[in-house]
Amino acid sequence: MERKEYLERKPFSFSQEEKNDFFSDEILRMSEAHRKGCPEYDRICSGLGEEAPYIPVTLFKDLELCSVPEDKIIRKITSSGTSGQQVSKIFLDGETSMAQQSALCMITGDFIGSRRIPMLIIDSPDVLRDRKKYSARGAGIMGFSMMSSKRFYALDNDMKPDFDSIKAFIEEAGDGPSFAFGFTYMIWEYFCRPFLESGTDCKLGNCTLIHGGGWKKLQNISVSDEVFKDGLRKTWGIEKVSNYYGMAEQTGSIFMECEEGRLHASSYSDIHILNPEDFSECGIGEWGLIALDSLLPESYPGHRLLTEDYGRILGEDNCPCRRKGRYFQIGGRIKKAEVRGCSDTFEKGTEEEKKDFSVIGGLYPPEIQSVDNFDEKVMSFLKDLSDALTKKPGCRRMPEIYALGFWCREGHLNQIKERQRRKSRGSGLVLHIAPSNMPTMFAYSWITSLMAGNSNVVRLSGRTSDITEMLLSEINAVLEKQEHESVRKRNAFVRFPRGSRYLEEISAKASARVVWGGDSTVAEVCAVPSSEKCRDITFPDKYSIAVMDAEYIDSLNEVELRQLVHLFYNDTYGADQNACSSPRTVFWLKARDGGAVKKWWDALAAEAGNYNLQPWIATEKYRTLCRTIASCKGLKTAQCYGNRLYVVPFENVECRLEELEGKFGIFYESMLKDISEIYPYLNDKIQTVVCCGINEEEFLEKVREADCAGVDRAVSVGEALNFDTIWDRKDIIDLLSE
């Protein structure tokens, strides 16, 4: 059957077997066309070694993926994105736009009839400001408007009910059929909830409501599907409500909810459920990640998408509603994935958020007082803290907390004290901006400043974790002891939003700001005015690598190899590779036949079986891999050990090393004939080099002789995450003293 004939058939007329036959050839044809038109997509296919791989839906936020010449684009759609989030960018040519509109009309018509009827748009007219460049809300309104005889807007531009327009809609519809359309959260927030609270009602007659998107926000305020439908029934008298599942990245390929409460895949699209472990297909009834196929996108490679949603297929061809094809259930957004939806949400102002300020521990504002470096009362406090973190059962079960306690033991801190070049006092008040992705890093920064003799305000990220909360609890418990009252009064742990006035207020009193985070965070904080004497000590983005001797690996017996791999696993997977000192690229020396290299990765893949591969990690990891492959020329086909380990070889890449992004177990590797071949890669962003079978001191000496801009430290396997008060070649205690 030809494509044109297939797309003109009724939307639920093909059995699953018939769909499978047509999709298998058509998806490959579309992939070949997209590879020719979109270089980034072509690199993804080559880099993954697949003809038609799934594209992470979030990749459209990172890259502009387009398969047709620019002069063919008639419209650009942007997807959802709450405040501060990136949005997807979808490029439509005439053919794709027409196919999407036609499919949307045919699918919707199967539920409300093909005759045009009055439409109530539960939104404001302001949403359609620019027809050539509009959001998913605008695209949805325009698409469903094709089914209308006349359109009315239920909300004014202030997002309040427009009763004149609503009454005009009711008069136009009369006793005949009509339909309303909107995005789920907005319907509840601006159209339903205000009337539930006021007791007002206004019946819409024989009206069918079609809605989609926004369930994440409703779940956050405990509004279920039943509560949502009951509210519409009580306020507006709407009895027929049909949810749909869809997204801007596959506009037109919507999945409508039938009379039995089940979502259906039309003839124009299909659904697959994938196991997060290795993206293999799940069986009927098994929960997994939702992946979607669509026959509609010709102008951009959106024909195969991996979503961040969980679901399960309930059956094929046998729903009581008699529609053929697969029908399924949505379980919601996978936990910890970036919040997104098919509609951009209407956000209230953020002034209330800017007022949020909470004191988590210590005393705020702290007493600003300088004491001697390694003050006796400070050292006594740290000894008690070390005991608490290393002896309590709860702390011992958390390796990061136990490691911190071991680091600040009395003997180790005395070693740090002995190497200090001079005795001095603290400089005053120090503000610490702690990173969000390393839950104990705030404590290392704070303890270092404490030893220097300073008062401190530690700004903690709003992203909480069990590790951070337990550590704060233990710190507070020790601070509350009477003998440590002087330390408690000089220190505070606080939370406040980015952009808050508190950052400027504290900076005005600070003698130093210690900033850990990405380049953008460092730039943002340093741009905030501070006192004249304030010194900024910054630790921006860094990148770390490993250099491994293949002959040394080959010489190890099985037990020795497992022990070494375990240490490397701790260096990398232990921090999800998010630590600036976790290696992401591995350079191999003396890898003559590749046997030792394979031996190493096989062993690491086995060790990675212990890794907590949550569904959101699997999707984010895959997104990172695809983004890097698409953006960096010169990468070879990735070797994938399920979703626990990705290894991407390269010889010469047309990018800086730090652009080879690794997280959650993504490694890039290159073979060296001589150690000198690594020098061009060692720019100022390279922080830690983990050495295996190579003497660290000798390696660092060679790097210095070669006058490389980078490499702050060289360590043995297992020591990458070990913190030191000299970091990025900066003596933090010395810099925080006067």
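**Loops, sheet and helices**

Mentor: Happy to. Keep in mind that this is a predicted model. Let's start with Val711, which sits in the loop between helix 25 (696–705) and strand 28.

Trainee: What is the phi of Val711 like?

Mentor: Phi is positive there, about 80°, although Val711 is not a glycine.

Trainee: And is Val711 buried or exposed?

Mentor: Val711 counts as buried, because its relative accessibility is 0%, and the cut-off for buried is under 20%.

Trainee: Which residue other than glycine has a positive phi near 60°?

Mentor: That's Met159, with phi near 60°. Met159 belongs to the loop between strand 6 (148–153) and helix 7 (163–173). At 4% relative accessibility, Met159 counts as buried.

Trainee: Okay, new topic. What is the strand order in the open sheet of seven strands?

Mentor: The order is 24-25-26-23-22-27-28, and the pairing is mixed. Strand 24 (639–641) and strand 28 (713–716) are the edge strands, each pairing on one side only. From one strand to the next, the twist averages 25°.

Trainee: How do strand 24 and strand 25 pair?

Mentor: In the antiparallel sense, over three bridges. Gln639 is the residue opposite Val647 of strand 25.

Trainee: And going on from there, how many bridges join strand 25 to strand 26?

Mentor: Four, and those two strands run parallel. Val648 stands opposite Tyr668 in strand 26. On to strand 23: it pairs with strand 26 in the parallel sense, over five bridges. There Tyr668 is the bridge partner of Thr585.

Trainee: What about Thr572, what does it touch?

Mentor: Thr572 is part of helix 22 (residues 558–572). Leaving out residues up to four places away in sequence, Thr572 touches Gln577, Ser582, Pro583 and Phe667. Thr572 is buried, with a relative accessible area of 0%.

Trainee: Let's move to strand 20 and strand 21. How does the chain get from one to the other?

Mentor: The two strands run parallel and are joined by five bridges, with Ala512 opposite Arg535 in strand 21. Between them the chain passes through helix 20 (residues 519–526), and this β-α-β crossover is right-handed.

Trainee: Which residues does Val515 touch?

Mentor: Val515 is in strand 20 (residues 512–516) and is buried, at 0% relative accessible area. Not counting residues up to four places away in sequence, its contacts are Ile433, Thr521, Val522, Val525, Ile537, Thr538 and Phe539.

Trainee: Last stop, helix 10. Which of its residues are buried?

Mentor: Phe228, Gly231, Leu232, Thr235 and Trp236. Seen down the axis of helix 10, the buried residues fall within an arc of 100°, so they line one face of the helix.

Trainee: Why would residues three or four places apart point the same way?

Mentor: Because an α-helix has 3.6 residues a turn.

Trainee: Which exposed residues are on the face of helix 10 turned away from the buried side?

Mentor: Glu226 and Lys234. Gly237 follows helix 10 and has a positive phi, near 70°.

Trainee: Where does Trp236 turn up again?

Mentor: Among the contacts of Phe191, which also include Leu120, Ile122 and Leu204. Phe191 is in helix 8 (residues 184–198) and counts as buried at 0% relative accessibility.

Methods. Residues are numbered from 1 along each chain as its sequence is written. This is a predicted model: local features need pLDDT of at least 70, side-chain atom pairs count only at pLDDT 80 or more; totals for chains, interfaces and linings use all residues. Side-chain values use heavy atoms; hydrogens and water are left out. Buried means under 20% relative accessible area, exposed over 50%, partly exposed in between (1.4 Å probe, protein chains only). The arc is that of the directions from the helix axis to the C-beta atoms. Contact means heavy atoms within 4.5 Å. Two strands pair if DSSP finds at least two bridges between them. Axes are lines fitted to C-alpha atoms, for helices over the stretch in contact, and angles run from 0 to 180 degrees between N-to-C directions. A crossover is right-handed if, with the strands pointing away from the viewer, the path from the first strand over the helix to the second runs clockwise.
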